[in-house]
Amino acid sequence: MTTTPDIDSLAQDDRVSSALYTDPALFDLEMDRIFHQTWVWVAHESELPTAGDFRTAYVGRQPVIVTRDRRGGINVLVNRCRHRGASLCEVPKGNGNGFTCPYHAWSYALDGKLRGIPYPDGYEDVLEKKDLGLRRLKVGVYAGMVFASFNEDIEPLEDFLGGARLWIDRFMKQGAGYPIKVQGEHRFRFRGNWKIQLENTTDGYHFPIVHRSWMASVDAETANMLSFMTDEKAVTHALGNGHSVAVMVPEHVDLDEDDGTEQLQARFGHIIEELSHEFDPDRVRRIVRSLHGAGFNLNLFPNVAMSMSFFRVLRPVSVTETEIRHVALGLDGGPEIVNRERLRIQEHFQGPFGFGSPDDSEAWDRVQRGVTGGPSTPILVNRGLAREKPNDLGQPTSHTTDETGMRQAYAMWKRMMTDGK
């Protein structure tokens, strides 16, 4: 008989139990009560620009295929043949007319409908094709962000996003008038629980410590732009439903707003020169100011962060293993020189040979190793609790080095683990 854990004792306002990182039974419960009940990010629309495009993803531990069908609709389908359970698609992305099982050649349309069965006479009248399509998840799209859920009764996506919608809209302004597109990704795994990474994107406290080598590798203007430790305008807002935003570069929160006083970085001089042949000075300035992305990290519970100029997507593999995708973003239809520069910036921090990802993953590994010592000792998430105050919208707010975002995520974790909503 399985004993339901005491959720109240595991997650308190200022601390959480180490068991949240180490207990396999708790991990299984998270998959059921969180990842199979809420909206989970699976793709960006730019990854599916034309009919027949698809990419594979996961919702919790369940493999899915995200498709663009012939009518332009987006579908999220469980990647499992309805016959004997074989996976249908093993490539990360592509374009096709549908999916055929390699085991017995049952074939499915892009919307999951069962199209054909070899040698159907063996089934006589015991099989109805309309009843054996691929399992379809509920799909929601906001600002090009594609979410899916196994929960047919889930609240509308816009309600779930709530206060995060303003920040998603602001994040997309880094396109400087162009739509945002996915340019590529770096995928890796670390030996740690998924919530360690969930905490990290809203954790400004670690930045000048863990990323000291990156700070030393960039020009002084970039380093100064991200020196937010004592900036009173660098704040974190809790946005409800586990979402939060950490403002790192206050002057880049809304890239449509520009008082004209900010100096463009000298390192981008060659880009300014090339763009000036095609665009007026105001447009050049708008594009160049957006090269580093938006001035904040937006955490969307439970699995995606919109982090300055990239998406960070987490996938729980097991209680002690997590897969990370760092998704590089560019300007769809924008100047090639700008998209190349954005890729170089991505590689310098998030790439496999960059300065950011290796340092972060080492820290995450160490947390997982460390919590096995003194398992009764709690994880503290109390930084800034005493100075946390509501902003004009009534959202709990503190400095960006504080742990307001973590407390927001764990409040949602506790709520969903308690009643599944």
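This is a predicted model: local features need pLDDT of at least 70, side-chain atom pairs count only at pLDDT 80 or more; totals for chains, interfaces and linings use all residues.
Start with helix 12. The helix covers residues 336–349, 14 residues in total. From its first C-alpha to its last it reaches 20 Å. That is close to the 20 Å expected at 1.5 Å a residue. Part of the helix is covered. Ile337, Val338, Asn339, Glu341, Arg342, Ile345, Gln346 and Phe349 are buried.

Glu347 pairs with Arg344, and their closest N and O atoms are 2.7 Å apart. Both partners lie in helix 12, three residues apart, about one turn of the helix. Glu347 counts as partly exposed, because its relative accessibility is 39% and the class runs between 20% and 50%. Arg344 has 40% relative accessibility, so it too counts as partly exposed.

Next, the salt bridges elsewhere. The count comes to 32 salt bridges. Salt bridges that share partners join Glu47, Arg55, Glu185, Arg187, Arg189, Arg315, Glu321, Glu323 and Arg325 into one network. One of the bridges links Arg189 with Glu323, with the closest N and O atoms 3.7 Å apart. Arg189 lies in strand 12 (residues 180–190) and Glu323 in strand 18 (residues 321–331), so this pair ties together parts that are 134 residues apart in sequence. Arg189 counts as partly exposed, at 43% relative accessibility. Glu323 has 9% relative accessibility; therefore it counts as buried, the limit being under 20%.

Another bridge joins sequence neighbours. Asp14 forms a salt bridge with Arg15, and the closest N and O atoms are 3.2 Å apart. Arg15 is partly exposed, with a relative accessible area of 31%.

Now turn to a group of acidic residues. Asp121, Glu124, Asp125 and Glu128 form a negative surface patch. Patch members must have over 30% relative accessible area and no salt bridge. Glu124 counts as exposed, because its relative accessibility is 66% and the cut-off is over 50%.

Ala143 lies in the loop between strand 10 and strand 11 (145–149). Its phi is positive, about 50°, although Ala143 is not a glycine. Ala143 counts as partly exposed, at 35% relative accessibility.

Met308 also has a positive phi, of about 55°, and is not a glycine. Met308 sits in the loop between strand 16 and strand 17 (310–318). With a relative accessible area of 14%, Met308 is buried.

Pro302 lies in the loop between strand 15 (296–300) and strand 16 (304–307). The peptide bond from Phe301 to Pro302 is cis, with omega near 5°.

One last contact leads back along the chain. Thr202 and Ala305 are 103 residues apart in sequence, yet 8.9 Å apart in space, C-alpha to C-alpha. Thr202 lies in the loop between helix 6 (194–200) and helix 7 (207–210). Its relative accessible area is 2%, so Thr202 is buried.

How values were computed: Residues are numbered from 1 along each chain as its sequence is written. Side-chain values use heavy atoms; hydrogens and water are left out. Patches are made of residues with over 30% relative accessible area and no salt bridge: like charges are joined within 9 Å, nonpolar side chains (Val, Leu, Ile, Met, Phe, Trp, Tyr) within 5 Å. Accessible areas come from the Shrake-Rupley method with a 1.4 Å probe; for residues, only the protein chains shown count as cover. A salt bridge is a side-chain nitrogen of Lys or Arg within 4 Å of a carboxyl oxygen of Asp or Glu. Lys and Arg count as positive and Asp and Glu as negative; His and the chain ends are not counted. The place of a charge is taken as NZ of Lys, CZ of Arg, CG of Asp or CD of Glu. Buried means under 20% relative accessible area, exposed over 50%, partly exposed in between (1.4 Å probe, protein chains only). Helices (H or I, at least four residues) and strands (E, at least two) are DSSP runs, numbered from the N terminus. The expected span of a helix is 1.5 Å times one less than its number of residues.
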